[in-house]
Amino acid sequence: MKKQILSLALIALLGFTAQSCGDKKETKAEDELTLGNKVDTLTSDIEEVKDSAVVKAENAAAKAKEASENAVQDAKDATKKAAEDVKDATKKGADKVEAAAKAAKDGTVKTAKDVNEALKK
């Protein structure tokens with residue numbers, strides 16, 4: 001009796017399995033890609049990715065070039081401004097030294113005149 005129940009259960013299980021395997025949806029022929037189509041699609045995708053990577057690399061290189069050119073120009077401008085500042089400071093210093101020398105000369109001449117006048121008296 002147990003063997004008969006087990007046999008019936010096994011037959012029911014096999015029947016259920018066969019039924020569920022038979023329920024597969026049929027796909028349309030145009031929806032299925034052949035291996036060749038899949039390879040072509042993957043090849044196209046790879047080419048697009050490579051092209052995109054090349055464009056991104058070129059854009060990055062252009063930006064780097066522009067940034068380096070801007071840095072060079074900024075350095076030139078800063079050097080020029082520093083040179084002008086040094087030139088202005090040197091001129092101001094020279095003017096002050098010249099004025100001091102003139103004042104010292106005028107003071108010496110005046111003092112010498114005073115000494116001469118004092119000696120005359």
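**Exercise 1: a charged pair**

Glu47 and Lys50 form a salt bridge, with their closest N and O atoms 3.6 Å apart. Keep in mind that this is a predicted model, where local features need pLDDT of at least 70, side-chain atom pairs count only at pLDDT 80 or more, and totals for chains, interfaces and linings use all residues. Residues are numbered from 1 along each chain as its sequence is written, and side-chain values use heavy atoms, with hydrogens and water left out.

Task: find where Glu47 and Lys50 lie, and say how exposed they are.

Solution: 
- Step 1. A salt bridge needs a side-chain nitrogen of Lys or Arg within 4 Å of a carboxyl oxygen of Asp or Glu.
- Step 2. Both Glu47 and Lys50 sit in helix H2 (residues 35-120), three residues apart, about one turn of the helix. A helix here is a DSSP run of H or I, at least four residues, numbered from the N terminus.
- Step 3. Glu47 has a relative accessible area of 36%, so it is partly exposed; Lys50, at 47%, is partly exposed too. Partly exposed lies between buried (under 20%) and exposed (over 50%), using a 1.4 Å probe and protein chains only.

**Exercise 2: the other bridge**

Task: the structure holds two salt bridges. What does Lys81 pair with?

Solution: 
- Step 1. Lys81 bridges to Asp85, the closest N and O atoms being 3.5 Å apart.
- Step 2. Lys81 and Asp85 are both in helix H2, four residues apart, about one turn of the helix.
- Step 3. Asp85 is partly exposed, at 41% relative accessibility.

Terms used
Helices (H or I, at least four residues) and strands (E, at least two) are DSSP runs, numbered from the N terminus.
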